[in-house]
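Biologist: I would like to learn how to read a fold from its coordinates. Could we take one structure and go through it feature by feature?

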Amino acid sequence: MGFLFAKKELIQKFLKENAIILDVRNPGEFKKVKLEGSLNIPLAELNDEMNQLDKSRPIITCCAMGVRSELAKDKLKKNGFEVINGGSWRHLKKFVV
């Protein structure tokens, strides 16, 4: 696909640093199933809703397959956030306790 999800060690490091888990799927997808404690801001709304996010906390993006979360990661990085792509919520679920 041209991008890689963050490695296990980096995901675990971010989680230890109280990272925000940002799910960028649409509300219908998020409502069906989500990671406990995750925040939902759909990718299409991220530019307008970015001000809700705390720049002092790292962010792990996720979505259904990892494509939207990669796009969200790029947008957030350009706006000064410390962020990694956690990939799909299913992938990220393995690391969230």
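**Reading the fold**

Modeller: Start with burial: of the 97 residues of the protein chain, 44% count as buried. Keep in mind that this is a predicted model.

Biologist: Which secondary structure elements does the protein chain have?

Modeller: The protein chain has five helices and four strands. From the N terminus on, they follow the pattern α-β-α-β-α-β-α-β-α. The radius of gyration is 12 Å, close to the 13 Å that the globule rule gives for 97 residues, so the chain is as compact as a globular protein of that length. Along its principal axes, the C-alpha trace spans about 30 × 30 × 30 Å.

Biologist: Now the sheet. In what order do the four strands lie, and is the pairing parallel or antiparallel?

Modeller: The general idea comes before the case. Strands of a sheet pair through backbone hydrogen bonds, either parallel or antiparallel. Here the four strands form an open sheet in the order S2-S1-S3-S4, and the pairing is parallel. S2 and S4 (83-88) are the edge strands, each pairing on one side only.

Biologist: How many bridges join S1 to S3, and how many join S1 to S2?

Modeller: Four bridges join S1 to S3 (residues 59-63), and these strands run parallel. Isoleucine 21 has isoleucine 60 as its bridge partner in S3. Two bridges join S1 to S2 (residues 39-40), again with the strands parallel. Leucine 22 stands opposite leucine 39 in S2. Aspartate 23 has asparagine 40 of S2 as its bridge partner.

Biologist: And how many bridges are there between S3 and S4?

Modeller: S3 and S4 pair over four bridges, in the parallel sense. Cysteine 63 stands opposite serine 88 in S4.

Biologist: How do I read the faces of a strand? Which residues of S1 lie on each side?

Modeller: In S1 (residues 20-23), Ile20 and Leu22 lie on one side, with Ile21 and Asp23 on the other. These residues are all buried, so both faces are covered. S4 is mostly covered too: six of its six residues are buried.

Biologist: Next, the cysteines. How many disulfides does a search of the whole structure find?

Modeller: A disulfide is a covalent bond between the sulfur atoms of two cysteines. The search finds zero disulfides. Cysteine 62 is in none, and the nearest cysteine sulfur, that of cysteine 63, is 7.1 Å away. The cut-off is 2.5 Å between sulfur atoms. Cysteine 63 is likewise in no disulfide; the nearest cysteine sulfur to it belongs to cysteine 62.

Biologist: Are cysteine 62 and cysteine 63 buried or exposed?

Modeller: Cysteine 62 has a relative accessible area of 0%, so it is buried. Cysteine 63 counts as buried at 1% relative accessibility.

Biologist: What about rings? How many aromatic pairs does the structure hold?

Modeller: A pair of aromatic rings is described by the distance of the centres and the angle of the planes. This structure holds zero aromatic pairs. There is a charge to look at, though. Lysine 55 lies over the face of phenylalanine 81, at 5.2 Å from the ring centre.

Biologist: Backbone torsions next. What is phi of asparagine 18?

Modeller: Most residues other than glycine have a negative phi, and most peptide bonds are trans. Phi of asparagine 18 is near 60°, a positive value in a residue other than glycine. Asparagine 18 is found in the loop between helix H1 (8-16) and S1. It counts as partly exposed, at 48% relative accessibility.

Biologist: One more loop residue. Where is arginine 57?

Modeller: Arginine 57 is in the loop between helix H3 (46-49) and S3. It is partly exposed, with a relative accessible area of 28%. Arginine 57 and leucine 76 are 19 residues apart along the chain, and their C-alpha atoms are separated by 12 Å.

Definitions and conventions
Residues numbered from 1 in each chain as written. Predicted model: local features only at pLDDT ≥ 70, side-chain atom pairs only at ≥ 80, totals over all residues. Heavy atoms only, no water. Phe/Tyr/Trp six-rings, centres within 6.5 Å; stacked < 30°, edge-to-face > 60°. Lys NZ or Arg CZ within 6 Å of the ring centre and 35° of its normal. Buried < 20%, exposed > 50% of the residue type's maximum accessible area, 1.4 Å probe, protein only. Pairing = 2+ DSSP bridges. Rg over C-alpha atoms; globule rule 2.2 N^0.38 Å.
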